[in-house]
Amino acid sequence: MQTIIHIDSPFYLRAEDLSSPAEWHTVFGNANPLVLEIGCGTGDFVVKTAEDQPGLNFIAIDYYNKGCYKSCRRIERHGVTNVRVLREEARQFITERIAPASLAAVHINCPDPWPKKRHRKRRLVNRQFVEFLLPYLAPGGDFYFATDFDDYGLDVAGFMPQVPEMTNMLAPDLYLYELEGYHLSRYMEKFMAEGKKIHFVHYRKVRPCPAT
């Protein structure tokens, strides 16, 4: 059971205080494009990326209260103003708080790999999840996935070409071990220091999803 830390930060939001979908232009005070990071950890990736891209608004969600707390502290230390943090489960949050075709990018960095074969159905990123995300990505919206777990990286790289609405931005490669300009989280740096490789996958939405 998590020990709940009270988070008192102007950058921390509670989903229940938002409309459905949320009026993010009101939250951020501007109409800049939205970027979602699913699983922000302690916030080092999103803070570095938000610093580099002040013209974008970043929503960082994580299931763990402690990670959200540390993310907010990091945001405050760096003086970044274009990030908001929420403790939320990805599917419910996206369904309830994100308008269709409103995300300029989605980042998923080193999610739980559930390494045991009998647990792999619990992995967040599979073809069904990507197809779930598609209606929420704007045309031209980017999907980034990174993992240090070889099997997970190969699995995602293998099914992504089967999603017809997406195009591979790394072609002819299905994945790369380094992605120029992409910030590394502390977790990634730790894994690389142990001699592990990061699998990076980058796709872009190229046409509207078919009507359902």
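Let me start with aspartate 151 and arginine 123, whose side chains meet in a salt bridge at 3.0 Å, N to O. By salt bridge I mean a side-chain nitrogen of Lys or Arg within 4 Å of a carboxyl oxygen of Asp or Glu. Aspartate 151 sits in helix H6, residues 150-159, and arginine 123 in the loop between strand S4 (103-109) and helix H5 (127-133), so this pair ties together parts that are 28 residues apart in sequence. Helices (H or I, at least four residues) and strands (E, at least two) are DSSP runs, numbered from the N terminus.

A word on the source: this is a predicted model, where local features need pLDDT of at least 70 and side-chain atom pairs count only at pLDDT 80 or more, while totals for chains, interfaces and linings use all residues. Residues are numbered from 1 along each chain as its sequence is written, and side-chain values use heavy atoms, with hydrogens and water left out.

Are the two partners buried or exposed? Arginine 123 counts as buried at 6% relative accessibility, and aspartate 151 is partly exposed at 32%. Buried is under 20% relative accessible area, exposed is over 50%, and partly exposed is in between, with a 1.4 Å probe and protein chains only.

Next pair. Aspartate 142 and arginine 204 meet in a salt bridge at 2.7 Å, N to O. This one links distant parts of the chain, with aspartate 142 in strand S5 (residues 137-147) and arginine 204 in strand S7 (residues 199-205), 62 residues apart.

Arginine 97 and glutamate 96 form another salt bridge, 3.6 Å from N to O. Arginine 97 is buried at 11%; glutamate 96 is partly exposed at 29%. How many salt bridges does the structure hold? Nine.

Last, the surface. Lys66, Lys70, Arg77 and Arg186 form a positive patch. Patch residues have over 30% relative accessible area and no salt bridge; like charges are joined within 9 Å, and nonpolar side chains (Val, Leu, Ile, Met, Phe, Trp, Tyr) within 5 Å. Helix H3, residues 65-78, gives the most to the positive patch, with three residues. Arginine 77 lies in that helix, H3, and is exposed, with a relative accessible area of 59%.

Technical notes: Areas by Shrake-Rupley, 256 points an atom, 1.4 Å probe, with all protein chains shown as cover. Lys, Arg positive; Asp, Glu negative; His and termini not counted. Charge placed at Lys NZ, Arg CZ, Asp CG, Glu CD.
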